[in-house]
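I opened a notebook for a structure I had not looked at before. These entries record what I looked up, one topic at a time.

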Amino acid sequence: MKIFRGLRHPGIAPGCALTIGNFDGVHRGHQAMLARLCSEAAQRGVPSCVLTFEPHPRDWFAAATGQPDLAPPRISALRDKLAELARCGVDQAVVLPFNAALAAMPAQDFIDDVLLKGLGARHVLVGDDFRFGARRAGDFALLQAAGARRGFDVARMPSYEVQGQRVSSTAVREALAAGDMAAAASLLGRPYAISGHVVHGRKLGRALAESAPGRQDGFRTLNLRFSRRACAWQPAASGIFAVRVSGLGSAPLPGVANLGMRPSLDAHDINGGRVLLEAHVFDWPASLGPEGGYGKIICVELIWKLHEEKRYHSLAALAEGIARDGAQARAWFERHPAAAAAAAHPATGRI
């Protein structure tokens, strides 16, 4: 899949079958839409294209108005969203920066300047609740009328349901907030996962060796750190999880992870108040050596939630808590051997 940031790139196809949206999570409803988009593109002999936005429009409005509570928790970071779009067979993704100019753009200008001049849309497929343009004034009727005048097709995708429930990003967020990872996986069509580059942390896991008898290396963790911008990326899930980690070798590795703000010990440490995903695999691959995880792109699947984040007031208490969480996660994988062995979506270095 070709990826473009903005519209001014010579490599953008001169014509396409297009869909537009945030595609947070790329859930099963999105997947059905993308399958239809690819079919329409193939019939017309043009590439399929997804137009999406970064930051999420609601993130931008939350920052612009000084109301951070308006920003929704995010199901997926941009890397994971693009990886899923590629997995669905999309030919081209255009990431349009959402800013003041785009927020103020009239709906008709959006059609003329973005859809037609910028992307050469020949077919536009949208969801049943699609709105666009300043003050969300544009709707399906306006888009359909423009298509009739300007010679591009417009179609609307009905809602997608699983067992009578409408599949939506909101429903996925609610399942993740409730810690119902099975429900989230059913809506997503896959386990909930986060990927990213492994970065250096405080090395606190190694310091725990002194508080964890029998553990020579303490609790080695793989750290993924997220945005520092004004409306920082907040994941829809948080807490302690049994996980599978891929990207370290040929097979996914079971482990335990903390996703959140890491409330323990020092609130002003290297994490700087940002969201952090710390994953500890039970059996560290000897081939990597002690420092071999840094810089790798890994994918962490959150399979089962143990509990919410906890605050520990000493290294010894933290070591005991991590050991207890690890034992619970191991026990869960022993009761669910198929989950431990299931293949994770491979992390990708292309995005």
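**Entry: Ala71.** I started with Ala71, in the loop between helix 2 and helix 3. Helices here are DSSP runs of H or I with at least four residues, strands are runs of E with at least two, and both are numbered from the N terminus. The model is predicted, so local features need pLDDT of at least 70 and side-chain atom pairs count only at pLDDT 80 or more, while totals for chains, interfaces and linings use all residues. Residues are numbered from 1 along each chain as its sequence is written, and side-chain values use heavy atoms, with hydrogens and water left out.

Is Ala71 buried or exposed, or in between? I found it partly exposed, because its relative accessibility is 21%. The cut-offs are under 20% relative accessible area for buried and over 50% for exposed, with partly exposed in between (1.4 Å probe, protein chains only). I also checked Arg58, which is 13 residues from Ala71 along the chain. The C-alpha atoms of Ala71 and Arg58 are separated by 5.3 Å.

**Entry: helix 2.** I turned to helix 2, where Pro57, Asp59 and Ala62 are buried. Strand 3 is among the elements covering these buried residues. Gly66 follows helix 2, and its phi is positive, near 65°.

**Entry: helix 1.** I noted 17 residues in helix 1, which runs over 28–44. From first C-alpha to last, helix 1 reaches 25 Å, close to the 24 Å expected at 1.5 Å a residue. That expected span is 1.5 Å times one less than the number of residues. The buried residues of helix 1 are Gly29, His30, Ala32, Met33, Leu34, Leu37, Glu40 and Ala41. Their cover includes strand 2 (16–20), strand 3 (48–54) and helix 7 (169–177). Gly45 comes after helix 1, with a positive phi near 70°.

**Entry: Arg173.** I found Arg173 in helix 7. Arg173 counts as buried because its relative accessible area is 11%. Which residues does Arg173 touch, not counting those up to four places away in sequence? They are Asp24, His56, Pro72, Pro73, Ile75 and Ala236. A contact means heavy atoms within 4.5 Å.

**Entry: the largest pocket.** I read a volume of about 1,200 Å³ for the largest pocket. Of its 43 lining residues, Gly21, Asn22, Asp129, Phe130 and Arg136 are the closest to its centre. Which element gives the most to this lining? Helix 1 does, with four residues. By class, the lining has 21 nonpolar, 13 polar and nine charged residues. Ala, Val, Leu, Ile, Met, Phe, Trp, Tyr, Cys and Pro count as nonpolar, Asp, Glu, Lys and Arg as charged, and the others, Gly among them, as polar.

On a 1 Å grid over the protein atoms alone, a cavity is a set of points where a 1.4 Å probe fits but cannot get out, and a pocket is an open set with protein on both sides within 12 Å along at least five of seven lines; lining residues have an atom within 4 Å of a point. Points are joined across faces, edges and corners, and a volume is the space filled by probe spheres set on them.

**Entry: the second largest cavity.** I found about 40 Å³ of space in the second largest cavity. Its lining includes Asn22, Asp24, His56 and Lys81. This lining divides into four nonpolar, three polar and three charged residues.

**Entry: the whole protein.** I ended with 11 helices and 14 strands. Buried residues make up 51% of the 351 residues.
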